[in-house]
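Let's walk through this fold together, one question at a time. Have the picture open while you read.

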Amino acid sequence: MSESALIEEVDVVIVGARIAGTAAAVPLARAGRKVVLLDKSRFPSDTLSTHVLVPNGVAELQRMGALSHALKLGPARSRYLAVVSGDVRLRERFTPVHGIDYSLCIPRPEQDLCLVTAAREAGADVREKCFVEEVVWRDGRAVGVRYRLAGKSYEIRAKLVIGADGRYSRVAAEVGSWQPYRGSLNGRGFAFRYMDDPMVGTIEHETLGIYRAGSSIALTLPSCPRGRMLVVWMAPAADIPRFRDDPDGTWSEKEAEDPHLAERIAGAKNADKLRTADKLASFYRASSGPGWALAGDAGHFKDPVAGQGQRDALRHGRLLGEAARAHLDNPRALDEALKNWERNRDRDTISTYHWANRESRPAAPSALVREVFRTFEGDDEPGVTDTFNRIRKVEKVIGPSRLTRALIKALAQRGVDRREILREVAAELPIELAIRLETWFGGFRYQGWSPSERPGWDIGPAPVAPASTNTAPSRSGSESNGASVASPSSAVEGQIHS
């Protein structure tokens, strides 16, 4: 403690103690750094999430020491992924990652408590019910935060401030990075509930199911404890108000659209309350600067339809901690390491960002889409699973050769509307080309528009700063809108609706 009984000095302060925050804290604490995590919640507590981790993400739990705690909960271990769309049915086994060949779907209250426990075991100081009010600045550099706990105000000085506080990040607003420099409107929303799995004891209880029919996509995710499952409707965003007004009626209507999904969950009992979410615009924010970084959804959010958010928060949270730990005593080297971390995060996530934008379009699966999936039938090598598992990029798995084969088969089908198929191809080709051009030529914090992105996105106004002379340094362009700090209740849109 120094300067005052209410001011303390640490190496790193992290705002948000869920996935990205705990993942960043573990390597820092293991390196002997003094790390404090502040979270407004008391764990266990719920939060908006797609819940599933494929082997690549489960391996991150193992790295940070949280997997052993998660497995004590008795979750189902899903070693397969299945896609069902009309007469197309394929099932693939996941490629192992660091010896992990299964996915997990654990409710967030239980999962996040496992992460907090692992962070504490690594030596991090996790403090609950703490409301961060503002970032502290000195000579244009973030040097700490002020927060409230039980009605009292405290200040922490740190060499690095990490915002891991979600899409409606207070830290992003404080550092002048509230407004994303690119984004995409979501076409889908989510309605989901947990229930008993009627297929316990069969291969279906070891399988992540993706059902595509009509304008909705449904997921069946064997869950925790074993015997439960999560069923998710990724429906057109316009349907979410109907789910809220008439949960059971709208659910039954969606089931009737897909007899395969209805068969999978027939007889399921003990369903939880329906929960929904619809404000899910994808975005990239500038995520590093002098003495600060944004981790997880605070810096980058992609539509949950691709199921990649948790994996990315874990992986790039860990990589942030690893990048920073050796440079905390050298501000210039630290800032360069943070920028390199952000650049590498963008390179790793841009493919799935575009993939999620495309999947968010609320359209029924076309003849061409079904034929693309059919090309994987009977193949012993993982294909679709490798995209979810991040073994290979989507554009590598579904490349020109596979697309050409699918197109030929789709056109050869009796009774199909060949003109409609060709119109679809004409619409998709510019997207394919733009994604590849961005991969080849897009630079750091690339602000060019891509055809995969839907216009009209908005994350809402920046929260209003409290009266203070402690303001973020002036910045320009898309990285800053002059915003400061959010009130404790400003993240309403990020909450789950029950």
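Before we start: two strands count as paired if DSSP finds at least two bridges between them. Also keep in mind that this is a predicted model.

Q: In the open sheet of seven strands, which strands stand at the edges?
A: The order of this sheet is β6-β5-β15-β16-β17-β14-β18, and its pairing is mixed. A strand at the edge has a single partner strand, so one side of it is left without a neighbour in the sheet. Here that goes for β6 (88–93) and β18 (275–277).

Q: Which residue in β16 does Arg212 stand opposite?
A: Look at β15 (residues 207–213) and β16 (residues 216–222), which pair in the antiparallel sense. Five bridges link β15 and β16. Opposite Arg212 you'll find Ile217.

Q: At about what angle does helix α7 run to β17?
A: Helix α7 covers residues 247–257 and lies across β14 (188–196), β15, β16 and β17 (228–236). Its direction relative to β17 is about 85°.

Q: Are helices α9 and α10 roughly parallel or roughly antiparallel?
A: Helix α9 (residues 309–324) and helix α10 (residues 331–359) pack with their axes 9 Å apart, at an angle of about 160°. Angles over 145 degrees count as roughly antiparallel. That's why α9 is, relative to α10, roughly antiparallel.

Q: How many residues in the contact of α9 with α10 are nonpolar?
A: On the α9 side, the residues include Leu319, Leu320 and Ala323, while the α10 side includes Leu334, Leu338 and Trp341. The contact also has four polar and five charged residues. The nonpolar ones number eight.

Q: Which residue in the turn between β10 and β11 has a positive phi?
A: These two strands form a hairpin with two residues between them. The hairpin of β9 and β10 has two residues between its strands as well, and there Asp139 takes a positive phi near 55°. In the turn from β10 to β11, the residue with a positive phi, about 55°, is Ala150.

Q: In the open sheet of six strands, which residue in β21 stands opposite Val161?
A: The order here is β8-β3-β2-β12-β21-β20. Three bridges join β12 (residues 160–163) to β21 (residues 292–294), and the two run parallel. Opposite Val161 stands Trp292.

Notes. Residues are numbered from 1 along each chain as its sequence is written. This is a predicted model: local features need pLDDT of at least 70, side-chain atom pairs count only at pLDDT 80 or more; totals for chains, interfaces and linings use all residues. Side-chain values use heavy atoms; hydrogens and water are left out. Helices (H or I, at least four residues) and strands (E, at least two) are DSSP runs, numbered from the N terminus. Axes are lines fitted to C-alpha atoms, for helices over the stretch in contact, and angles run from 0 to 180 degrees between N-to-C directions. Angles under 35 degrees count as roughly parallel, over 145 as roughly antiparallel, 65 to 115 as roughly perpendicular and the rest as oblique. Contact means heavy atoms within 4.5 Å. Ala, Val, Leu, Ile, Met, Phe, Trp, Tyr, Cys and Pro count as nonpolar, Asp, Glu, Lys and Arg as charged, and the others, Gly among them, as polar.
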